[in-house]
Amino acid sequence: MHTANPAMNAVREHLRPLGSPVVVFCKSHSGSRLLAQLIEQAGVYMGARQNESSDSLDLLELVKNLVELYYPDYSPLWNAAGRRDDVASTAELARKAIADHLKGRDSSSRSLWGWKLCETLYVLPVIDFLFPEARYIHLIRDGRDVAFCNHTSPNTPFWKKIYFNTDRMERWRGYRLRNKDYYRHSHIFNAMHWYNSVTVGRTYGAMLRDRYLEVRYEDLCGDFHAQARRILAHVGATNVEAAIEQLEKKVYSRSMGKHKLESRSKLREVLRIEKSLLLELAYLDADPAVSTSRSLWNRIGGLLSVGNQERRNACPRQLQTP
């Protein structure tokens, strides 16, 4: 028995006849447009209003509301007496956002539907309450590449929470949270954005069990057919082969490994933030700091060995005469 605020219970019951959506999320600039287009080509209705990245503009307002008012603490939504006005407003916004998102879909159809919006990952507990059988796809890309894809500075309450889980931040690592400082040090801010996004998405995703699917961008580009079948099987799509044939011509991998073109100093700054998660996700085979340290000591050891040998050659041991 769910004990959410009555307004949330009411909107949950209102949405029940719509069935269970397919929800795609990721850190921005992870290549999710290809994923959203694949799902849409397979017959899943992905919304009436989308931007050029295939994000749902109607769901964005709901996500912003939830993040700004509640994230990371959604307990008022589950408390029957919690912040009644705010909760009622949020519940009504959820009802409207879903209705607007589904405009253009045949209301009598039982076809699959869903949406793609990167920041949905921060509100997964709410989406899971509203749609208890929804299925989720989390696209993850190498954080070193994402760090060099500029996005949005954390200069509003919404974006501060997306980066740092709080809107009370004013400075980070000595930098002010404004566009000027962001663009001067964007790779560092982007690394923090990636780290937090992937961590939050995986933490919430683990609680969704088999309804949650992780997909690597690199795998999707490297073996599109196999990964596309895996994804479409997860969402229950039927128009699989036609969708794959339609989208495979749009698959390219030239942006993978773009971080290798960046300076070593910038990459070191990115790794200071991302390293533990890159190792966890096996984007790094070993700790680069340890590898560099070993390499340095090996070089020093080699030089010392050569120096010692030269000194021995220069000062031969005298023979002892009987």
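Lys160 is buried, with a relative accessible area of 10%; buried means under 20%, exposed over 50%, and partly exposed in between, using a 1.4 Å probe and protein chains only. This residue, Lys160, belongs to helix H8, which covers residues 157–164. Helices here are DSSP runs of H or I with at least four residues, strands are runs of E with at least two, and both are numbered from the N terminus. Setting aside residues up to four places away in sequence, Lys160 touches Pro154, Asn165, Thr166, Asp167, Met169, Glu170 and Leu177, where contact means heavy atoms within 4.5 Å.

Before we go on, a word on the model. It is predicted, so local features need pLDDT of at least 70 and side-chain atom pairs count only at pLDDT 80 or more, while totals for chains, interfaces and linings use all residues. Residues are numbered from 1 along each chain as its sequence is written, and side-chain values use heavy atoms, with hydrogens and water left out.

Now for the whole protein. Its secondary structure comes to 15 helices and 6 strands, and 45% of its 322 residues count as buried. Among contacts with a separation of 6 or more, 75% are between residues 24 or more positions apart.

Next, let us look at a pair of helices. Two packed helices are described by the angle between their axes and the distance between the axes. Helix H2 (residues 32–41) packs against helix H13 (residues 240–247) at an angle of about 140°, with the axes 8 Å apart. Axes are lines fitted to C-alpha atoms, for helices over the stretch in contact, and angles run from 0 to 180 degrees between N-to-C directions. H2 and H13 are therefore oblique to each other: angles under 35 degrees count as roughly parallel, over 145 as roughly antiparallel, 65 to 115 as roughly perpendicular, and the rest as oblique.

Which residues meet where H2 packs on H13? The table lists them.

| Helix | Residues in the contact |
|---|---|
| H2 | Leu34, Gln37, Leu38 and Gln41 |
| H13 | Ala243, Ile244, Gln246 and Leu247 |

These residues of the contact of H2 with H13 divide into 5 nonpolar, 3 polar and no charged.

Is Gln41 buried or partly exposed? Gln41 is partly exposed, with a relative accessible area of 38%. Leaving aside neighbours within four places in sequence, Gln41 is in contact with Asn239, Ala243, Gln246 and Leu247. The C-alpha atoms of Gln41 and Val240 are separated by 8.5 Å, although the two residues are 199 residues apart along the chain.

Notes
Ala, Val, Leu, Ile, Met, Phe, Trp, Tyr, Cys and Pro count as nonpolar, Asp, Glu, Lys and Arg as charged, and the others, Gly among them, as polar.
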